[in-house]
Amino acid sequence: MTATQITSESAARVTKDGAASLVAPSRRRAPKPRWRERLVASAFVAPVVIYLAVFYAYPLFRNLDLSFRDYTLRSFIDGNAPFVWFDNYAQVLADSTFAPALINTAVFTFVSIIFQFSIGLLLAVFFYRHFPLSATLRALFLVPWLLPLLVSASVWAWMLNSESGIVNAALETIGLGQVNWLTSPQWSMVSVLLANIWIGIPFNLVILYSGLQNIPGEVYEAASLDGANGWQTFWRITFPLLRPVSAITILLGLVYTLKVFDIIWIMTRGAPGNSSTTFAIWSYRLGFGGGSPELSPAAAVGNLLIILAFVFGLLYIRSQRKLVES
Amino acid sequence: MRTRGRLWKTAVGVVLTGIMLFPLYWMINVSLTQPNELRKDPPNLFPFNPTFDGYSRVISEQLPYLGTSLVVGLGTVILTVAISAPAAFAIAKLRPWGGTTLNFVLLIAQMIPGIIMAMGFYLIFFNWGILDTIPGLILADSTLAVPFGVLIFVAFMSGIPNELIAAAKIDGAGAWRTFRSIVLPVSRNSIVTVSLFAFLWSWSDFLFASTLNRSGAFQPITIGIYRYIGNNTQDWNAIMATAVVASIPAAVLLVLAQRYVAAGVTAGAVKD
């Protein structure tokens, strides 16, 4: 295919999409090569732009629209859903699930991050020392992260089973009583946290490990010449130099943990009561949890979640910028 | 003395890895346990008297689900690479209009919670008549990987020497030819990385599968397991056998493509 063919084709595509108002190629007798190059470049980008518009922007718009309407089963048939402004949001904010869901989302997110990050960091520092098998063992650590979340959640659900679970059997042998991990309100959150922390450790380990690799060896040599011990080296050198990578790891963790759905849904479904219900779980339960779907309130809950995610997202981008500058 | 110190570390490393991988061991152990021993207290730590009944049930009952997941996974990989590689080439080397904005949008796109996408897709797919179909699920699953794919490809393709592309141009190759014959072959590693993640994410997806393809004729393995848990709370050895089988792609890919996995995680997270 020649370059001219691509140019005319892309011009057609771009104008059809209405993405940019362009000067038609015929107006200029000899388009500058630079201008043409950019047109070709846009042809390469066009599929992704169209994709983003159709499969990101449009679903998000539909979801937003949904949250302002009263969408019922009837609406699927006759296509009518009255516009009710903020009624769904008011309903959701007044719901007795709102307060527990907000607290649970916060607890789940922050406790997960604290443990995932600190355990990941300790392991990264540990595996950074070269010893036989260190690379192989580090690779094995990744397996839990790559497994389908549904699989991990099922395994944890069985391990934490009250009567036949290995965890309670272990507690018994060391003389502690049984715990109803998944079925008692005070332990259900702990259970889903355990599973989620376990799943998040590999991700933290890999990113922090790559951060350690970027710290120049000379810094450590200088520190050891000055007689710093292991603890001092960690606190005065490793930790501060790792700060940009740590910030990104934590913020990514925040954004990803807010989304967590599979683990909680499989292990507890947010039960008992609302003791492990987060915004993601609440939204799913309203929309698809069985019975009659309440899609509009579900969309409203989802949009509250997106506001939270967006705040963290902005923080993430700010930290990225700082990292690029430094 | 030095060697002893290092061996000591290896021992600690092995113990830590053992703790981390214990749930996986437990999954395999339970999958091989006789059904009448499942409720034993304390449970058997080792399958002394293994049974493969769970696995034969997987093969007889879950094979269609596995097939669907394979088709959806491969479809997602093809769609993701086809859309993201050309765009990334343009952003990295051709400087299109709005390239920086696009990068920013892709970064944001990755942060949108899946449940919100699922809700929008549900209405749209209902209107389009692709609810409960494999193509619908492929489209939905690709949204997990496309932004990631573009960002990884951009990070990689920026590293291709400009001279290589200039040389192709001098030889008379257009942008498309350059992309196909120069950029794509050189980018093999990043194609492997993106394909790997696109496949694993769509293989693991439960949220889209359960909202957009819950009652279709062909359902993915995550729905298969979910149904099992719902219907057979007694048959945990069959459930765990299915879980083991569903984990095989992750294990195989990790063994075959270890370094791509690490490269994908770090590049996806740290570069923009």
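User: Which side chain meets Arg57(B) in a salt bridge?

Analyst: This is a predicted model, and the pairing is read from its side-chain atoms. Side chains of opposite charge can pair when their charged atoms come close. Here the N to O distance is 3.4 Å, inside the 4 Å cut-off for a salt bridge. The partner of Arg57(B) is Glu61(B).

User: Where do Arg57(B) and Glu61(B) lie, and how many residues apart are they?

Analyst: Both belong to helix H2 of chain B, residues 53-61. The spacing is about one turn of the helix. They are 4 residues apart.

User: Is Arg57(B) buried, partly exposed or exposed?

Analyst: Its relative accessible area is 25%. Buried needs under 20% and exposed needs over 50%. Arg57(B) therefore counts as partly exposed.

User: What class does the relative accessible area of Glu61(B) give?

Analyst: The value for Glu61(B) is 36%. The band between 20% and 50% is the middle class. So Glu61(B) is partly exposed.

User: How many salt bridges does the structure hold over all chains?

Analyst: One of them joins Arg57(B) and Glu61(B). Another joins Asp65(A) and Arg69(A), with the closest N and O atoms 3.0 Å apart. Over all chains the total is 2.

User: What is the relative accessibility of Arg69(A)?

Analyst: Arg69(A) is in a salt bridge with Asp65(A). Arg69(A) counts as partly exposed. Its relative accessibility is 24%.

User: How many salt bridges cross the interface of chain A and chain B?

Analyst: The contact takes 98 residues from chain A and 99 residues from chain B. Polar contacts do occur there, with 10 residue pairs counted between the two chains. The number of salt bridges across this interface is 0.

User: What area do chain A and chain B bury between them?

Analyst: Carbon and sulfur atoms give 78% of that area. On the side of chain A, Phe44(A), Trp158(A) and Phe288(A) lose the most area to chain B, together 9% of what that side buries. The area buried between the chains is about 8,900 Å².

User: Which element gives the largest share of the side of chain A that touches chain B?

Analyst: Chain A has 16 helices and 0 strands. The leading element supplies 24 residues to this side. That element is H2(A).

User: Which residues of chain B does Ser42(A) touch?

Analyst: Ser42(A) sits in helix H2 of chain A, residues 33-67. It counts as buried because its relative accessibility is 11%, below the 20% cut-off. Leaving out residues up to four places away in sequence, Ser42(A) touches Pro96(B) and Trp97(B).

User: Which residues have the most contacts inside the largest nonpolar core?

Analyst: This core has 190 residues. Helix H12 of chain B, residues 236-270, gives the largest share, 16 residues. Both domain 1 and domain 2 of chain B supply at least three residues each. The residues with the most contacts inside the core are Met267(A), Phe125(B) and Met157(B).

User: Which leucines are in contact with Met267(A), beyond its neighbours within four places in sequence?

Analyst: Met267(A) is among the residues with the most contacts in the largest nonpolar core. Its contacts include Trp156(A), Val192(A) and Ala195(A).

User: How far apart are the C-alpha centres of the two domains of chain B?

Analyst: The assignment gives domain 1 (1-51) and domain 2 (55-265). The contact between them takes 10 residues from each. Their C-alpha centres lie 32 Å apart.

User: Which residues of domain 1 of chain B lose the most area to domain 2?

Analyst: The two domains bury about 740 Å², with 65% from carbon and sulfur atoms. Across this interface there are 0 salt bridges and 2 residue pairs in polar contact. Three residues together make up 59% of what the side of domain 1 buries. They are Met27(B), Ser31(B) and Arg39(B).

Notes. Residues numbered from 1 in each chain as written. Chains lettered and ligands numbered in written order. Predicted model: local features only at pLDDT ≥ 70, side-chain atom pairs only at ≥ 80, totals over all residues. Heavy atoms only, no water. Helix = DSSP H or I, 4+ residues; strand = E, 2+ residues; numbered from the N terminus. Buried < 20%, exposed > 50% of the residue type's maximum accessible area, 1.4 Å probe, protein only. Contact = heavy atoms within 4.5 Å. Core = buried A, V, L, I, M, F, W, Y, C linked by side-chain atoms within 4.5 Å. Domains from an automatic or database assignment. Buried area = accessible area lost by both parts, 1.4 Å probe. Polar contact = N/O pair within 3.5 Å; in protein donor to acceptor, adjacent residues only side chain to side chain.
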